[in-house]
Amino acid sequence: MSQSQIACAFDAGSTTVARVKSTGHGSFTMTMCRTIDGGMDELGGPKAHRLAKKLVSMLREWRDEPVALSFSPAGLMPLPAWLPSGSSAEYRDTLCRIEAGYFLDEADKWQWHDMALEPAPGQPAGVDRRMLLFYPLAPTRFIENELRKQCRVEWRGAHVEAVARLSAVTGEALAVLELEERYAALSISTNGKIGYFRYWPVKEASEREYFAITELTSAPLDGAPVKVTGPAASAKVIERISRETSQAIEPLELHPWVSAEKGANKAKSPTATIRAVSTAIMALNGG
């Protein structure tokens, strides 16, 4: 049976909305994807209500379909954690709140994405390996509350896990190198679950490229294709990193994970498209 899912992917300065249909047989089709001005920066300021109104109006056409939200702030605050195996979502939430109190100043101003990782070699029994991704609470809570007045919001979180989950669609290992203005990150996932994750905050391009080169020459890629995404992933940067690491590196694009109807994609960039569509697919697959 065909199902449809709406996803809103918020980056610092814009929001990309995608609609994805699932046939129920592991295939997905994007029927709409477009970007509007205004993102997390606006949600934290005086233009927040204007952006929320614009987004609600845009979603009115699909008011009966569930909505998933992914957030891509200018920077994340990652924290490795070990949580008891089999814990309920409510108990994990309590433990994440405690971790936030130790890790962050003014912990009540941060939201977190509790991301499951593959078990590590020699991992103790009875615990699960997690990565907590912290990001500002106020803008994300505001837009979620505004959308809930008109829409059925069923999932929200950071984009990192949604993008990594694409490896579950093809069943092949996937290495994603993210090159953002203020950070770089590398994740390696298999069957939708991240086994390796590294994150570096950066101040300039040389730091970003140094991280990428260092990681791609030392990470356990094991032949996984390396896909690059992010606003700082220009063709020249990709070519330079590929040359320095002797790795075949390609931009992360929609195909082969999902097909697209003709003229459906009007997003501002491949990065925006991937984040919105992967969020929709993750929600369709149960979050």
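In which strand is Phe 197 found? Before I come to that, please keep in mind that this is a predicted model, in which local features need pLDDT of at least 70 and side-chain atom pairs count only at pLDDT 80 or more, while totals for chains, interfaces and linings use all residues. Residues are numbered from 1 along each chain as its sequence is written, and side-chain values use heavy atoms, with hydrogens and water left out.

Phe 197 sits in strand β11, residues 193–201, where strands (E, at least two residues) and helices (H or I, at least four) are DSSP runs numbered from the N terminus. With a relative accessibility of 7%, Phe 197 is buried, which here means under 20% relative accessible area, with exposed being over 50% and partly exposed in between, for a 1.4 Å probe and protein chains only. Setting aside neighbours within four places in sequence, its contacts (heavy atoms within 4.5 Å) include Pro 78, Met 131, Leu 133 and Val 160.

Turning to helix α8, residues 235–245, the buried residues are Val 237, Ile 238, Ile 241 and Thr 245. Seen down the axis of α8, these buried residues fall within an arc of 100°, taken from the directions from the helix axis to the C-beta atoms, so they line one face of the helix. An α-helix has 3.6 residues a turn, so residues three or four places apart point the same way. The buried residues of α8 pack against β9 (174–179), α7 (205–218), β12 (226–229) and β13 (249–251), whereas Ala 235 and Lys 236, on the other side of α8, are exposed.
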